[in-house]
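Please keep the sequence and the model open while reading.

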Amino acid sequence: MSPRRAPVLACSVLGAAVVALDGTVLTVAQPALQRDLHADVGQVQWTSTAYLVAVASLLVFAGRLGDRYGHRRVFAVGALGFAAASTGIALAPGIGTVIVLRVLQGVCGALLQPATLGMLRTAYPPDRLGTPIAVRTAAIGLAAAAGPLVGGALVSAYGWRSVFLLGVPPTLAIGLLALATRERPIEPSRSHELSPSHEPTQSHEPSRSREPSLKYGTAPAPRSAAATGPSALDPAGALLLAVTLGLLVHGLVEAARPGGAPTGLLAVAGAVLTGVVLARHERRAARPLLPPELLRSVPVVAGLSVLLAASAALSGSLFVATYFLQDVQGLDPLDCALRVLPLAVLIVLGAPLCPTLQRRFGPRRTATAGAALLTLGVLLLARLDATAGAAAVGVSAALLGAGFVTLMVTATSVVVHRAPEAHAGVAGGLQQTAMNIGPALGVATATLLLALVPDGGFVPSRGVALPALVLIAALALPAALVLPRAADRRRTRPEPPSARPAPRSCVRS
């Protein structure tokens, strides 16, 4: 690994892991937080909801900021802001301050998350992205699995405030490291070519009918005045997208709460309305927030669909399984975590194997196998009765982990590969948006369906929640079938000697 790529990989992996850890450790700290600050359940719920809404609504715009001003700078601002907000929450005197600072933490998390992928896209050539993405995924899985254990130990020994201090040293360190790391300017000549077809292009011959800015080895097109001003960020589109995603996530979260269905449906209806307005605006905007060439790419859209379905199925299934293990079988939280531990183990161990599988079998067959494993895992969970033992739960959890990690690494690689380097931040923002909306959708679906069978809903074999989640998991199969058949092995083609009379002062890695 080159010296320039090492700090980029460290920042990306640690940044993604800290955000994943923050989400899981907070869950076990909420009861203690509620008692200490004399808050009610609704207020504590907003410590999670406010963060989730802030993150989901700003991810794509944060990615656009990274494309415009540099992913390293945006990442550094997000990481340092995340550390500052975490410190403030640890010192907060009341629940109101915690909620406000969680919103600020969500804004900083939105700046941080897309940049973790954007920095990788600009540091690595497309055919070498599989391994760093797999390392990043394994770190996320490890952090998510360790969160409840670490959080429980910290809360028991030092109180809930220590949970927020946990993320301060690593985010502070990676923020300062990002500031000290030199970022290579984005070159349109290295932008990965997008094609409406989902098959990878095999020919590298020049074509005069294509846009020069999307070809390898071509000079960047001169920027217009509009491209360098505030309009290049499409603030109206960013606002509409933030409102749309914020209403959608809020509606899904509210729908999952007892008695919150009317408010949730109203918020979702508002999201649909603002989404229609957003679509009309983006068609007319000179420089839209969502680049048309990105949204017209079949592999990118298919990859996002895979991530949405997989994350919804996994989160909803774990939600039902947690209630089943604790309320029906009477296990304590630690025993419950141990029953589903194979899921985390398969995510951590499986992530490094996924790039090899993609190179050998191609993204389409790899993702199809992952979707089949995930669907089978949810199906086995749906067949558990009240007497199910640890082995049956463990096998289901292992299938969930193997299927999910295969889909996550493969689909993320396709989305990042197929995005032009100039739009790497937007692609990262869309990937993170799918990974945030999916869990909210899965949990909301599970909660609503559990309520339909009040006497047996928590027993998988007697309820309707997990069978519905089987169908959601199965939606990843048709999306996987339109991913590229072969792994992308194209490298940047060097310019011919005649086009480069003078030696360059920098060397491309």
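A residue is called buried under 20% relative accessible area, exposed over 50%, and partly exposed in between (1.4 Å probe, protein chains only). By that scale, Leu 338 is partly exposed at 48% relative accessibility. The model is predicted, so local features need pLDDT of at least 70 and side-chain atom pairs count only at pLDDT 80 or more, while totals for chains, interfaces and linings use all residues. Residues are numbered from 1 along each chain as its sequence is written, and side-chain values use heavy atoms, with hydrogens and water left out.

**Overall fold**
- The protein chain has 19 helices and zero strands; helices (H or I, at least four residues) and strands (E, at least two) are DSSP runs, numbered from the N terminus.
- Of the 509 residues in the protein chain, 53% are buried.
- Among contacts (heavy atoms within 4.5 Å) with a separation of 6 or more, 84% join residues 24 or more positions apart.
- The protein chain has an accessible surface of about 21,600 Å², and carbon and sulfur atoms account for 68% of that surface; areas come from the Shrake-Rupley method with a 1.4 Å probe, and for residues only the protein chains shown count as cover.

**Salt bridges**
- The whole structure contains two salt bridges, each defined as a side-chain nitrogen of Lys or Arg within 4 Å of a carboxyl oxygen of Asp or Glu.
- One joins Asp 22 and Arg 102, at 3.1 Å from N to O.
- That pair links helix α1 (residues 5–37), which holds Asp 22, to helix α4 (residues 95–123), which holds Arg 102, across 80 residues.
- Both Asp 22 and Arg 102 are buried.
- Asp 36 and Arg 161 form a salt bridge with their closest N and O atoms 3.7 Å apart.
- Here Asp 36 lies in helix α1 and Arg 161 in helix α6 (residues 161–165), 125 residues apart.
- Arg 161 is partly exposed, at 26% relative accessible area, and Asp 36 is partly exposed at 40%.

**Helix α17**
- Helix α17 (residues 424–450) has 27 residues and spans 39 Å from first to last C-alpha, close to the expected 39 Å, which is 1.5 Å times one less than the number of residues.
- In α17, 23 of the 27 residues are buried.

**Nonpolar patch**
- A nonpolar surface patch of about 600 Å² is formed by Leu 149, Leu 334, Leu 338, Leu 341, Val 345, Leu 346 and Leu 349.
- Patch residues have over 30% relative accessible area and no salt bridge; like charges are joined within 9 Å and nonpolar side chains (Val, Leu, Ile, Met, Phe, Trp, Tyr) within 5 Å.
- Helices α13 (333–339) and α14 (341–350) each supply at least two residues of the patch, and α14 gives the most, with four residues.
- Leu 338 sits in helix α13.
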